[in-house]
Amino acid sequence: MKNKKGLGIGLITIMMFVGGKKESYYGIMKDSTTIDKMINTKNEKIEKNVELPKDANVSVKKEDFVMLFKDEKTGKITKVKKVNHDDVPHGLMSKIHDMGNMKHGM
């Protein structure tokens, strides 16, 4: 039994090494092929007008919300998933919509 546990840990380690680190983002679509604005969940850096990869297996349209993963080293988007508005954390949603820059009152 001990050998199976060691083998499992070894496989996980290899998969992590080969897979590389991924950064996660939330974004809103400009159209079916371009992300209007996406924000890094870790450092809240914003990127605009990012093209979806040709092999992204997702059906999206203007104003859909997406969750994305990018390879930390290459910057390549590795996964795109359509999500609901409520799935996006509130703090990130306000940055996506520029709510932090809105002036109060009229």
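**Strands and charged pairs**

Guide: Strand β1 and strand β2 (residues 34-40) run antiparallel and are joined by 5 bridges, where strands are DSSP runs of E with at least two residues, numbered from the N terminus, and two strands pair if DSSP finds at least two bridges between them. This is a predicted model, in which local features need pLDDT of at least 70 and side-chain atom pairs count only at pLDDT 80 or more, while totals for chains, interfaces and linings use all residues. Residues are numbered from 1 along each chain as its sequence is written, and side-chain values use heavy atoms, with hydrogens and water left out.

Visitor: Which residue in β2 is the bridge partner of I28?

Guide: The bridge partner of I28 in β2 is K37.

Visitor: And what is the order of the strands in the sheet?

Guide: The open sheet is formed by 5 strands in the order β3-β2-β1-β4-β5, with antiparallel pairing. Because β3 and β5 stand at the edges with a single partner strand each, one side of each is left without a neighbour in the sheet.

Visitor: OK, switching to charges: how many salt bridges does the structure hold?

Guide: The structure holds 5 salt bridges, a salt bridge being a side-chain nitrogen of Lys or Arg within 4 Å of a carboxyl oxygen of Asp or Glu. One of them joins the side chains of D71 and K22, at 3.7 Å from N to O. D71 lies in strand β4 (residues 65-71) and K22 in strand β1 (residues 22-29), so this pair ties together parts that are 49 residues apart in sequence.

Visitor: Is D71 buried or exposed?

Guide: D71 counts as buried at 14% relative accessibility, since buried means under 20% relative accessible area, exposed over 50% and partly exposed in between, with a 1.4 Å probe and protein chains only.

Visitor: What does E47 form a salt bridge with?

Guide: E47 forms a salt bridge with K70, and their closest N and O atoms are 3.1 Å apart. That pair links distant parts of the chain, with E47 in strand β3 (residues 46-51) and K70 in strand β4, 23 residues apart. Both E47 and K70 are buried.

Visitor: And which residue pairs with K82?

Guide: K82 forms a salt bridge with D64, where the closest N and O atoms are 3.5 Å apart. K82 is in strand β5 (residues 77-83) and D64 in the loop between β3 and β4, 18 residues apart. K82 counts as partly exposed at 42% relative accessibility, whereas D64 is buried at 9%.

Definitions and conventions. Helices (H or I, at least four residues) and strands (E, at least two) are DSSP runs, numbered from the N terminus.
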